[in-house]
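Hello,

Here is the structure I promised to pass on.

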Amino acid sequence: MANILTQIVGRKEILVFHPSMVNELDIPPGASSSRINDIFISPLRNNGFSAILEPGDALYIPPLWPHATKPLTPNVGVNLFWKSFKDEVYDRGKDVYGNKDLTGYTEGRKLVERIVRGFKDVDGDTREFYIKRLVAELEEKLP
């Protein structure tokens, strides 16, 4: 969800990445956190936008922009999240961190699992042929 992070006390560094970096940041499907141990020392750090937040600073973080924070001193920040779509578009369940996926994505992941099972006993060339056709069909049908 969209987020405004307001720094109240102390200092922290924040890295914000364009949504196109989701795979490079090793964020698994269905997860909201990267498996990179410390993005602040990773070479990928250079692909993000960096800032130091001081007391009174506020930063807008658009929906789907992966980000990480690193405390530089003891600090307190407050996040304000808001939804971009109607409640029905979001998947069910609690969402304390503003990371609730869209229902279409959650349902799509279930369908992907069914597709994977359907091709488990098929050779690589055949599987590649049909998967490429499915991807092209999906892209064609989306506006």
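In helix α2, E137 and K141 form a salt bridge, with the closest N and O atoms 3.7 Å apart. By salt bridge I mean a side-chain nitrogen of Lys or Arg within 4 Å of a carboxyl oxygen of Asp or Glu. The two residues sit four apart, about one turn of the helix; helices (H or I, at least four residues) and strands (E, at least two) are DSSP runs, numbered from the N terminus. K141 is exposed at 62% relative accessible area, while E137 is partly exposed at 40% (buried is under 20%, exposed over 50%, partly exposed in between; 1.4 Å probe, protein chains only).

Please keep in mind that this is a predicted model: local features need pLDDT of at least 70 and side-chain atom pairs pLDDT 80 or more, while totals for chains, interfaces and linings use all residues. Residues are numbered from 1 along each chain as its sequence is written, and side-chain values use heavy atoms, without hydrogens and water.

The whole structure has eight salt bridges. Another of them joins R11 and E54 (3.0 Å, N to O). R11 is in the loop between β1 and β2 and E54 in the loop between β3 and β4, so this pair ties together parts 43 residues apart in sequence.

E107 also pairs with K110, at 3.2 Å between the closest N and O atoms. These two are three residues apart in α1, about one helical turn.

Best wishes
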